[in-house]
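Good morning, colleagues. Please turn to the structure on the screen.

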Amino acid sequence: MNKITLTTLNNMKQSGEKFTCLTAYDASFAIAQENAGIEVILIGDSLGMVIKGQFSTLSVSMDDMIYHSANVSRVCQKSLIMADLPFAADITKEEAYRNSARLISEGGAHIVKIEGGATMLETVQFLAQRGIAVCSHLGLLPQSVYKVGGYRIQGRTEEEAEKILDDAIALEAAGTDLLLLECVPTALATRITKNISIPVIGIGAGATCDAQVLVSYDILGLTHGKPARFVKNFLTDTLSIQDAFKEYVKQVKEGHFPSNEHTFD
Ligand code: KIV
């Protein structure tokens, strides 16, 4: 069994093969996802909503992240394990380093995900220079939900789009290894994916990204309230959770998901 590494994902981008990412917060989901062929398992701070029942990710602590990351990483042998730095865990670059080190040494993560663009450049560079793999998160930043006035599409104006593209290019230069783009128009995601050499993972960012991510509970129809436009329930036409995960992998790899109904112009 070959372990998925950043080299694997870079090679997939080069060869044009799509890869998949799903969130998991416990051992049983992690095993099912790894067996379905999910390349990257994300312990997302979306656990604030789907596990803790909150409106946002903002209550998630480092201890929450470490507890759930360790439950996932303990049983995974192949998938790349990515964990979120939660709200305010990256106030300074030194804090970000200390907390990333905890996610890696106590939580078993291989790569940490950090929200933000230009303001996080120094932090990303600090971590990269010290050997920590980083995924940068741009577009809709759930940790800024109160500042941006809700969970809504970003990058629709030319000015916003240029800013996100510039941030992506600058983050790559600072040493980030992966980029996650949330809720941006497909045309912008396409420009970014073509203009940077690191793999781009999209959620609500169209089919041209190198990979897709969704919250696992959403793809099983377990969304509280109305699902976001980019969500698809893969359990509807399958017989089990395991088959739903496999169907998600198949549809992403074959380019059937996301289709236009799941994306933004
Ligand atoms: O926390 C999370 O689950 C995420 C995804 C929505 C990408 O960041």
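I will begin with the chain as a whole and then turn to the ligand.

This is a predicted model, in which local features need pLDDT of at least 70 and side-chain atom pairs count only at pLDDT 80 or more, while totals for chains, interfaces and linings use all residues. Residues are numbered from 1 along each chain as its sequence is written, and side-chain values use heavy atoms, with hydrogens and water left out.

The protein chain contains 11 helices and 8 strands; these are DSSP runs numbered from the N terminus, helices being H or I of at least four residues and strands E of at least two. Its radius of gyration is 17 Å, close to the 18 Å that the globule rule gives for 265 residues, so the chain is as compact as a globular protein of that length. That radius is taken over C-alpha atoms, and the rule is 2.2 Å times the number of residues to the power 0.38.

Two backbone details deserve mention. The peptide bond from Phe 257 to Pro 258 is cis, with omega near 0°, and Pro 258 lies in the segment after helix H11 (241-253). Ala 88, although not a glycine, has a positive phi of about 65°; Ala 88 is found in the loop between strand E3 (80-84) and helix H5 (93-105).

Let us now consider the ligand. Which residues are around the ligand? Among them are Thr 23, Leu 42, Ser 46, Asp 84, Lys 113 and His 137, where a residue counts if one of its heavy atoms lies within 4 Å.
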